[in-house]
Protein chains: 2
Amino acid sequence: MPEPIVRPGTVYLVGAGPGDPGLITVKGLQVLHRAQVVVYDRLVHPALLKEAPAAEHIFVGKQPGDPHVRQGEINALMIARARARLVVVRLKGGDPFVFGRGGEECEALLAAGVPFEVIPGVTAATAVPAAAGIPVTHRRHASAFAVITGHECPGRTDLDWEALARIPTLVVLMGLRTLPVVVGRLLEEGASPATPAAVVASGTLAEQRTVVGTLGTIAALVRQAGIGSPATLIVGDVVRLAERIGRAGPAQEVETVGAPT
Amino acid sequence: MPEPIVRPGTVYLVGAGPGDPGLITVKGLQVLHRAQVVVYDRLVHPALLKEAPAAEHIFVGKQPGDPHVRQGEINALMIARARARLVVVRLKGGDPFVFGRGGEECEALLAAGVPFEVIPGVTAATAVPAAAGIPVTHRRHASAFAVITGHECPGRTDLDWEALARIPTLVVLMGLRTLPVVVGRLLEEGASPATPAAVVASGTLAEQRTVVGTLGTIAALVRQAGIGSPATLIVGDVVRLAERIGRAGPAQEVETVGAPT
C-alpha cells in the first residue's frame with residue numbers, strides 16, 4: 001500500500017475507529033507512524049499510542065468527574081505544535097466528523113491558517129452494532145438508519161424525536177447515561193414498547209457485552225446487567241438479527257440477556 | 001499491530017472502505033493478505049486485489065446494463081469455497097452492513113453452518129462527505145444524521161420521507177440516478193428549496209468531484225457538471241462547511257460548482 005505524503009506543520013485529524021485498534025485505517029496508521037505529536041481522546045486504544053512511541057502524547061479527553069480540557073485549549077495546542085513545523089496527529093475515537101467536534105477543530109485550524117487533512121475512521125455507529133451481529137440496514141428490516149448522541153441529548157432542544165422515532169433503525173452513541181430519557185422520548189412519540197432494542201458496551205473490544213430487549217424492557221435489563229460505558233443503543237427490527245448473526249461469528253462471543261418478544 | 005487469527009473454512013466479510021484503498025482497516029488488510037479466495041464487488045479498488053495476488057479473485061458485482069450475478073449464486077459460491085476449507089474474503093465496498101446485503105449473506109452462511117466474521121469498514125456515508133469538507137454532524141448545524149440509498153428508492157414504499165425531511169443531515173448513497181426523485185420527495189414533504197445540498201462523485205479518490213447547491217438547484221447543477229457514478233448526495237446545513245473546510249485540506253482538491261444562497 002503506498003505511503004501517503006505527510007507534511008510538517010500540518011494537523012492530521014485521524015479516526016481511531018470504534019475500539020479494536022485493528023480497526024484504524026491503513027492510511028491512519030501510516031500517518032500515526034510519522035507523527036511527532038499525538039493529541040488524543042479518552043476512547044483511543046492505548047495500543048495505538050504505542051504505534052507512535054517517539055511522539056509527544058497529549059491527552060485531552062474528558063474524564064468523568066474531572067475538569068476537562070476545553071475545546072479552545074485543544075485548538076491552541078494543535079495550532080502551536082503545527083506552527084512549530086511538527087507533524088501533528090489529532091487522534092479521535094471513531095470518526096472525526098461523527099459527533100467528534102472535528103468540524104469545529106477544522107474551522108479553528110482554518111482561521112489560524114494551519115493546513116490540515118481529515119482521515120476518516122470506522123464509526124462506532126455502524127461498527128458497534130455489527131460487532132453484536134446487528135446490520136444497521138437490511139433489505140427486509142430497515143431501509144434507513146439515523147444516528148444521534150446520548151451525550152448531550154437531555155439538554156438539546158433541536159432533536160426532532162417524532163421524526164427520529166419513525167426511522168427504522170436508530171443508533172444512539174454514548175447512550176448509557178441518558179438511556180431512560182431517550183427511551184422515554186421515543187415511546188412518547190409513538191414508538192411501540194415492543195420495538196427491539198439492544199445496548200452494546202465496549203463494542204469491538206474483548207470485553208464487549210450486549211444486552212437485548214425491547215424499548216419497554218431495555219432500561220431495566222441494562223440496569224440489572226450492570227454494564228458500563230461506553231455503550232451504544234440500537235433501536236429497531238434489525239436488533240432481532242443479533243440473536244442469530246451475533247451468536248454465530250467466531251470473534252463475536254457476546255453475552256445476550258433477554259430477547260425481543 | 002497483532003495479527004488476527006484467520007481460520008480456513010471461514011468467510012470474512014470485510015469492508016473495503018469508501019474508495020481510497022488506504023481507507024481499508026488494518027485488520028481487513030491483514031485478513032486480505034491471508035485470503036485464498038476473494039469474492040468482490042464493483043466498487044472495490046483494484047489496488048486491494050493486488051494485496052492478495054495468489055488468491056482466486058471472483059467478481060460478483062453488478063455492471064450497469066449487464067445481467068448481474070444473483071445473491072443466491074454469491075451465497076452458494078462462498079459456501080462451496082468455505083466447505084473446501086479455504087480462507088474466503090467477501091470484500092464489499094464501504095461497510096458490509098450499510099446497504100451491503102451483509103446481513104443477508106450472514107444469514108445464508110448461518111443456514112449453511114459456515115462460520116463467518118464481519119470486519120467493518122469505513123462507510124461512504126460519513127467518509128465521502130468528509131472528503132468534501134462536510135462533517136455529517138456539527139454542534140451548531142446538525143445533531144443527527146440519517147442515511148438511505150438512492151439505488152432502489154423509487155421502488156421502495158417503506159421510506160418515511162416526511163421523517164427523513166426533518167433530520168438535519170440526510171446522506172443518500174448511490175444518489176445520482178434517482179437524484180431528481182429524492183429531491184422531489186423532500187420538497188413535497190416541506191423541505192425548503194434553499195436547503196444546502198451537495199453531490200460528491202468518486203469520493204475519496206483522486207478524481208473526486210463535488211457540486212454544491214441547494215435542494216432547488218442541485219439536480220440542474222449536477223446535470224450541467226456532467227458528473228458520474230458513484231455519487232453521494234448530502235442535504236443539510238452542514239453542506240455550507242464544504243465551502244470552507246473542503247477547500248482547505250491539502251488532499252482535498254475539489255471542484256465546487258455553485259454555492260448555497
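## Helix α8 of chain A

The face of α8(A) turned away from its buried side carries two exposed residues, A:Arg223 and A:Gln224. Here buried denotes a relative accessible area under 20%, exposed one over 50%, and partly exposed a value in between, with a 1.4 Å probe and protein chains only. Helices (H or I, at least four residues) and strands (E, at least two) are DSSP runs numbered from the N terminus.

Which residues of helix α8 (residues 218-225) of chain A are buried? They are A:Ile218, A:Leu221, A:Val222 and A:Ala225. These residues lie on the same side of α8(A) because they cover an arc of only 100° around the axis, the arc being that of the directions from the helix axis to the C-beta atoms. An α-helix has 3.6 residues a turn, so residues three or four places apart point the same way. Just after α8(A), A:Gly226 adopts a positive phi of about 65°.

## Basis of the model

The model is predicted: local features need pLDDT of at least 70 and side-chain atom pairs count only at pLDDT 80 or more, whereas totals for chains, interfaces and linings use all residues. Residues are numbered from 1 along each chain as its sequence is written, chains are lettered from A and ligands numbered from 1 in the order in which they are written, and side-chain values use heavy atoms, with hydrogens and water left out.

## Chain A as a whole

Chain A contains nine helices and eleven strands. Of its 261 residues, 61% count as buried. Among contacts (heavy atoms within 4.5 Å) between residues at least 6 apart in sequence, 67% join residues at least 24 apart.

The chain exposes about 9,500 Å², of which carbon and sulfur atoms supply 53%. Accessible areas come from the Shrake-Rupley method with a 1.4 Å probe; for residues, only the protein chains shown count as cover.

## The parallel sheet of chain B

In chain B, five strands form an open sheet with parallel pairing, in the order β3-β2-β4-β1-β5; two strands pair if DSSP finds at least two bridges between them. The edge strands, β3 (56-59) and β5 (116-119) of chain B, each pair on one side only. Strand β1 (residues 11-15) of chain B runs parallel to β5(B) and is joined to it by four bridges. B:Tyr12 has B:Glu117 as its bridge partner in β5(B).

Helix α4 (residues 102-111) of chain B lies across β1, β4 and β5 of chain B, at about 175° to β1(B). Axes are lines fitted to C-alpha atoms, for helices over the stretch in contact, and angles run from 0 to 180 degrees between N-to-C directions.

A:Arg244 lies in the loop between β10 (231-235) and α9 (245-248) of chain A and B:Glu107 in helix α4 of chain B, so the pair joins two chains. A:Arg244 is partly exposed at 43% relative accessibility, whereas B:Glu107 is buried at 12%.
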